[in-house]
Amino acid sequence: MVFDWLTLVIFFPLVGVLIMLFIPSKNHDTLKGVSLIIAFITMLISFGIYYMFDTLGNGMQFEINETWIVSLGINYHLGIDGISLLLIVLTTILTVLCILSSWNSVTVNVKGYYISMLFLSTGMIGVFCALDLFLFYVFWEVMLIPMYFIIGVWGGPRKIYAAIKFVLFTMFGSLLMLVALLYLYFEYARFSGEYTFDLFKIMDMPIAYQPQLLIFGAFALAFAIKVPLFPFHTWLPDAHVQAPTAGSVILAGVLLKMGTYGFVRICLPLFPEATLAYLPYISILAVIAIIYGALVSMVQKDVKSLVAFSSVSHMGFVMLGMFALNMEGLEGSVIQMINHGISTGALFLIVGMIYERRHTRLIEDFGGIARVMPTFSAFFMIVVLSSIGLPFTNGFVGEFLILLGTFKTNVTLAVLATSGVVLAACYMLWMYQRVIFGKVTNPENENLKDLTPREKLILVPLVLLIFWIGIYPKPFLERIEPAVKQILVHIDNARLADNGSETIIEKTVAGETETVDVAFGEKEEIK
Amino acid sequence: MFDYIFLVPLIPLAGFIFNGLMIGRVPRPLISFIGCLTVGLSFLLSVLLFFNLKNLPPEARFIEQVLFSWIPAGSFQVDIAFLLDPLSAVMILVVSGVGFLIHVYSVGYMHHDPGYGRYFCFLNLFTFSMLTLVLANNFLLMFVGWEGVGLCSYLLIGFWFEKKSASDAGKKAFIVNRIGDFGFLLGMFLIFWQVGSLHFATVMKTAPTVFVAGGGLITAACILLFVGATGKSAQIPLYVWLPDAMEGPTPVSALIHAATMVTAGVYMIARTNALYVMAPDALLVVAIVGAVTAFFAATIGLAQNDIKRVLAYSTVSQLGYMFLACGVAAFSAGIFHLMTHAFFKALLFLGAGSVIHAMSAEQDMRKMGGLKKYLPITYPTMLIATLAIAGIPGLSGFFSKDEILWKSFSSMNGHLVLWVIGFVTAGLTAFYMFRLIYLTFHGKERMDEKTRHHLHESPRTMTVPLIFLAIFSVIGGWVGMPHIFGVANYFEHWLEPVMAHGGGEVEGPMLAAGGGDTGTEVLLMVVSVVLVLVAIFAARYYYLKNTQAATSLREKLSGVHKLLLNKYYVDEIYGAVIVRPVVYGSIFLWKVVDVVIIDGFANGMATIIRDISELLKNIQTGQVRRYATLFVVGVLILIAYFTFG
């Protein structure tokens, strides 16, 4: 029997939780140490998985499928493809950095905080591994609880309002998702006589057009709130501004990806016809998000809410690329999910570092930081450039592929979205100028200390990733590519069916090479 | 030898990395040594590569070096790969050569600056980016260099970041360039969408089969790319950042904002000439924008008092000439002027830097005068550069400018109007440049006593580069003499393999008749030389002999003068028409659309639900009497319903 790496990486953080339960709440250093070590080992495990992952492999890898609740047909079905792989690695890296970043800033209820962080990481990794829709839903909801506490307990002045808003928005979506899940469950039973939540089994079931539209809508709403797609984004600035630094990092870095991941993993392959039907509307909302997020971001007074609105804009790019529904767009979209986690995560960390020193995030309170904190300013510059999408940073690879993919399908939208690239430079550089350049006008900024070794340790890996993905994205792209191809097969089938051409397409079987007969009569090898 | 092409950009990158990591930890001599050495090595390598390339037969002068696959995604494939051909060989020579001299100059100029290490870091990063830009074998890698130089420009314009005007100027440069990049990106998308590749050679080769010559798509692609060029190369309507860019240290102005980066747009059009010759309408746009910019910027240059601003507008104007050349499909003439301009304009800026150095950082020409005797090296070298830019026969600028003027008239894409604009601009150029020389170096000494006391010639690290550049400003044009001088135009000949695909330069119908061409060419040349001489004497009259006349002329034309002095109020117009509406519109989106409407809706829903719950709460009082009453009422209603309903 193959060793179950996925279960290990999902539940390893809980080992830490277990250990910490037995450590007295007063031993802050021990608690921090344990959580850091556990998170670090989890990260190493995920690296191991990355290393063992077969780049050329088709379909799901590290798959495991055990019965869990027999009577309901619920299985403990895990497995990853390139998309989930990269998101898992991102999650484990960010968790370590978040724990490091909270080292001095979290002083109350330390035990609860680190337990929440580890719990959260289990939930997040679980979502990326689950291939059983029920299991997916469980992990999805599991994440919500620790995040609620992180915002609500360790947050800023309006933390309660923000935490409740966060939970209500998410719950609203996930309840619809639950209804849709149950529909699929019963529909599948009617179709084949078997009760199951298994993603791949349900994928094989043809769903009539009308119900498909509704079910897609329910899932899409749940995911769109999470992304967040305009106009469902208003919980985000509140949550971000009120959350502690680590909360913001995880929120932006990973939780938002749940939405886009949900689209890729569930909506696109399960409801290809509905995807095509909703495509124009979602693409338009994505473009609105890009421009709207950028414009609103430009006039923010608080650095953190500026970054939050910039997330709306960046996630708009992710959605736009995804719904280009071609290789370039979808690959760009996936790599942009990772990029956004890195860049925006880094931005929140940086904002947190200056907040710890000054206890303010208002842009107008700063100015002239470059002279007092040169190293900080240099890191900040690199991250800003990556967020703007300068070539040879990660952001460029994603945005370029997304825009290129979109251009092939819809020139108008691509042109509008490209203007987001200009706007990004406006809001980021304007903010950077006001915070970093100029003379020190506020005497409180005069004696700020530059980055500590711990802080450098947090930022250096992110900066390395920024350049790695920017200069040599091939290892990432080649892992994404087979996964993206699989998803596009479903879409292409729907397109062909829509065109009414006589095409026989076999359902994709993991690990096998199959031939897809394209409408034009060419044979295309799909690996 | 050709295996080392990649080292040309990479050596300066190594310098950047070293100086960047060692910032504040190594002594200044080491910083400057590394900074200059890396660029110097790049230059030596470029020279070697050039001669190796020259030894090949012309049709074989096309060397590609693929390092690795950069972005593979589906059908989209782009490599990190370099291309050495006659065009890029010229460019790397100019970039690394002039770049090296400016690095050396900077050692003296930046000597006292606390940001010394940071400065050399950025300068090396710039050299890397610029070399990448010109060596790239595909659009996307070119775009990397394109954005890289933009970044360095941003960082170096705002080098003295404590000055608000400097950081403003840097930001403006970046954002205006981004607007241009918007066009560049869309151009790339369009090309990839149609051709399926961004590899230069593939695109140029397949374009004729994919695009309809003169069709909408190819015209759109070329115009979009040109939008990128107007940003980077400061042409109307995106030229506004360049004059402000003078906030940066003067060697930066010389390197980035005169000699190399700003010419990237011209290079790009020359590189993609095969596309442009298929789109005559796009070429016409390029020619018109170039000619109009040349004229327009020259008029502004007439009225500026800041020595660097005069040079900045002069750069915008000269870049206009280069685009004019490209626009009439005389691409090699454009590149030729790019090269000579790199020499004399870098020299002018460095000379201005030397003047500013001597003048204790004063840049206003009204406070200068009579510096000739204090600056025995700066003066003659700057005079040479001025003669070159004015187009005095024998100097580099003469040959390149003359060729552009001739082509703008004689080429099939040329027109008499284009020539007239170029011709008048040549006169204006000579006038404002000699105005600069007379105001700065001749006449009364108008500076205060303290400054006068400090006047001194710059150290040798600064003057030696001036001398070298002066030599090139003289002889740099000799490689491209017009054929009427009875010698071959080596430069045009050298670039022929690059320009050949698309048909290269098309000789106009006027020449087809034969015979009359040489006569016309000589006539036009003589006319323009006469105009230049007249302009020089006019400048001498107004700014040296009879300064009273200049004052009275200025008063007579005070309206025009004010308009020119304020640069036609273009910045103010952009501010009112674009910047402010965007900012206020965004505030509206935030305060009204986001907070009141969208979030108001969400919170409103919450409030409604809470209010309903509050109402329903009243029923759940816990009092049995109330429940009994409700129960009875309910029963009565039901009975009524079934009885009468």
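Author: Let's start with Phe62(A), which counts as buried because it has 23 C-beta neighbours inside 10 Å. The cut-offs go like this: 20 or more other C-beta atoms within 10 Å of a residue's own make it buried, 12 or fewer make it exposed, and anything in between is partly exposed, with the C-beta atoms placed from the backbone. Keep in mind that this is a predicted model, where local features need pLDDT of at least 70 and side-chain atom pairs count only at pLDDT 80 or more, while totals for chains, interfaces and linings use all residues. Residues are numbered from 1 along each chain as its sequence is written, and chains are lettered from A and ligands numbered from 1 in the order in which they are written.

You'll find Phe62(A) in strand β1 (residues 61-69) of chain A. Strands here are DSSP runs of E with at least two residues, helices are runs of H or I with at least four, and both are numbered from the N terminus.

Chain B has a positive phi too: Tyr569(B), also not a glycine, sits near 60°. Look for Tyr569(B) in the loop between α25 (558-565) and α26 (570-617) of chain B. With 12 C-beta neighbours inside 10 Å, Tyr569(B) counts as exposed.

While we're on backbones, check two prolines. The bond from Phe230(A) to Pro231(A) is cis, with omega near 0°, and Pro231(A) lies in the loop between α8 (209-226) and α9 (235-242) of chain A. In chain B, the bond from Ile236(B) to Pro237(B) is cis as well, with omega near 5°; Pro237(B) is in the loop between α8 (216-232) and α9 (241-244).

Next, see where the chains meet. Chain A puts 41 residues into the contact and chain B 37, where two residues are in contact if their C-beta atoms, placed from the backbone, lie within 7 Å. On the side of chain B, β1 (63-73), α5 (139-157), α6 (164-195) and α26 each supply at least two residues. The biggest giver there is α6(B), with 13 residues. By class, that side has 23 nonpolar, seven polar and seven charged residues. Nonpolar means Ala, Val, Leu, Ile, Met, Phe, Trp, Tyr, Cys and Pro; charged means Asp, Glu, Lys and Arg; the others, Gly among them, are polar.
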